[in-house]
Amino acid sequence: MSLESPLRRLPPVHALVDRPELLEATRRFGRDAVVEAARGSIDEARAALVRGEGSAPNPSTLAVRTLVILDQSRRPSLRAVINATGILLNTGLGRAPLPLEAVDAVARVASGYCNLEYDLGLGGRGARADGVESLLTRLTGSERAAVVNNNAAATIIAVRALAQGREVIVSRGQLVEIGGSFRLPEIIEVSGAKLVEVGTTNKTRLADYERAIGPNTAALMRVHPSNYRIVGFTEDVPIAPLAELAHARGVFAVDDIGSGVIQPGWSESVRDEPTALEGIRAGADLVLFSGDKLLGGPQAGLLVGTSEAIGKVVRDPLMRALRVDKMTLAALESTLRLHLDFPSGRSSIPVWALADVPTDRLLERAEALATKLRSLGLNALAEPSTAYFGGGTTPTEAIPSAAVRVEAPVGPLKLSEGDWARSLRLGDPSVVPRVRGGSVWFDLRAIPEADEPSLVDAIRRTALDVERTSA
Ligand SMILES: *Cc1c(COP(=O)(O)O)cnc(C)c1O
């Protein structure tokens with residue numbers, strides 16, 4: 001039989017669009033959208049026939065496939081995912097989930113008007129970040145505070161405001177690259193300052209900074225290595241002696257702590273992370289950190305410090321371009337209030353609530369989940385596993401966790417583990433698992449218990465439903 005005949009049995013687009021299965025969709029979404037999806041469905045079928053796969057599908061199957069394509073094209077491209085990677089602060093997955101209080105606050109200011117730059121008492125112009133600034137100064141003991149888009153922006157504006165056209169001294173062991181695009185030497189360059197490197201990769205002493213300070217030096221900067229550790233014979237200079245040296249020589253001390261733990265004692269699991277409070281107490285003129293790492297709030301860059309240094313930052317013309325919007329401010333203010341309620345507020349911050357779930361509890365949940373998946377016919381086992389904060393924080397600090405390891409389903413579908421992981425990612429809800437050693441792993445550390453039914457549903461549909469739609 002020639003290739004032509006099954007191809008000729010495919011219906012023309014308009015005939016497919018006029019089928020009764022598609023009437024409702026045409027009424028709701030318009031004929032153009034349905035025509036486009038119908039064309040996609042016919043193109044797919046034609047391509048399969050050309051590859052020699054099967055026979056021409058009947059028009060009703062093509063219509064159902066048209067509805068699936070239409071549905072997919074209408075899904076938002078930015079969507080919620082279930083994070084089964086065990087990385088709590090995955091930059092690719094949007095870092096920290098927001099506290100409910102923050103989500104409510106965002107909804108309240110976003111859906112209507114708010115007093116973003118309006119003083120309700122005076123009935124006139126007010127300052128944008130007043131509420132957040134006063135919370136930040138209370139929490140860290142600093143004189144003033146400012147908020148920008150992210151910590152990269154905080155670094156740029158800090159270096160620019162304090163050291164444009166002059167030198168910033170940084171240890172060679174702290175010239176970090178974070179997240180592939182934050183490279184400290186480049187950040188200092190775009191800020192218009194000159195980087196002066198001191199010490200070696202593993203050892204930098206106070207005397208190295210001391211020797212490098214010259215008439216053109218504006219600041220000494222310490223950068224938390226965040227996503228790596230130099231181990232073995234190492235030496236670096238804590239912020240207190242660095243700030244003391246800076247002030248004795250009339251230059252600024254800047255401390256980029258990265259992940260944003262506010263006070264010591266916040267959690268045993270991050271006891272080695274520098275804190276904003278300690279940076280301020282040690283005398284840093286500016287302490288910089290992210291809002292969406294261990295602080296557990298929205299993407300933001302927070303600057304706390306002296307009136308003089310923050311004053312220079314907020315007067316810099318770049319501030320206008322880096323400022324945050326009302327939704328960020330609302331989310332940040334409610335997250336900071338939870339920090340003020342330390343330690344009770346911690347359980348309301350999702351990244352900490354997830355980190356604090358006892359590992360025994362996770363193992364129980366993994367056992368129950370594995371049993372359920374086995375009852376669906378999958379080869380599933382509960383296993384201890386290792387989770388991480390991630391997101392450029394505490395890279396060596398493993399968090400004990402539990403996972404369910406599932407073999408890619410065999411049977412009519414014969415999926416490889418990579419194919420299965422892909423359809424999980426593209427499914428609804430979307431699930432991002434780990435693929436390792438021929439299995440797909442679902443780590444429970446970053447999955448709220450309330451999401452487990454959706455997880456089971458996503459696994460069931462992608463692994464077992466025979467009506468598989470290529471995505
Ligand atoms: C993460 C990090 C940054 C970048 O922060 P973003 O908020 O992602 O822009 C800068 N410095 C340090 C030390 C970091 O850990």
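**Thr140**

I looked up the side chain of Thr140 and found it reaching the backbone oxygen of Leu136 at 2.8 Å. I was reading a predicted model. The Thr140 side chain also makes a polar contact with the side chain of Ser142, at 3.2 Å. I placed Thr140 in helix H7, which covers residues 130-140.

Is Thr140 buried or exposed? I noted a relative accessibility of 1%. The cut-off for buried is under 20%, so Thr140 counts as buried. I then listed its contacts, leaving aside neighbours within four places in sequence. They are Ile262, Ala276, Leu277, Ile280 and Val304.

**Ala45**

Next I turned to Ala45, which lies in helix H4 (residues 31-50). Ala45 has a relative accessible area of 8%, so I put it down as buried. Not counting residues up to four places away in sequence, Ala45 touches Leu10, Pro57 and Leu62. I also checked Ala45 against Gly418. They are 373 residues apart in sequence, and their C-alpha atoms are 24 Å apart in space.

**Helices H8 and H13**

How do the axes of H8 and H13 cross? I read an angle of roughly 105 degrees for helix H8 (residues 151-163) and helix H13 (residues 307-315). Their axes come within 9 Å. Angles of 65 to 115 degrees count as roughly perpendicular, so H8 is roughly perpendicular to H13.

I wrote down which residues make the contact. H8 gives Ile157, Ala158, Ala161 and Leu162. H13 gives Ala309, Lys312 and Val313. I sorted the residues of this contact by type: six are nonpolar, none is polar and one is charged.

Note on methods. Residues are numbered from 1 along each chain as its sequence is written. This is a predicted model: local features need pLDDT of at least 70, side-chain atom pairs count only at pLDDT 80 or more; totals for chains, interfaces and linings use all residues. Side-chain values use heavy atoms; hydrogens and water are left out. Helices (H or I, at least four residues) and strands (E, at least two) are DSSP runs, numbered from the N terminus. Buried means under 20% relative accessible area, exposed over 50%, partly exposed in between (1.4 Å probe, protein chains only). Contact means heavy atoms within 4.5 Å. A polar contact is a pair of N or O atoms within 3.5 Å; within protein, one must be able to donate a hydrogen and the other to accept it, and residues adjacent in sequence count only if both atoms are side-chain atoms. Axes are lines fitted to C-alpha atoms, for helices over the stretch in contact, and angles run from 0 to 180 degrees between N-to-C directions. Angles under 35 degrees count as roughly parallel, over 145 as roughly antiparallel, 65 to 115 as roughly perpendicular and the rest as oblique. Ala, Val, Leu, Ile, Met, Phe, Trp, Tyr, Cys and Pro count as nonpolar, Asp, Glu, Lys and Arg as charged, and the others, Gly among them, as polar.
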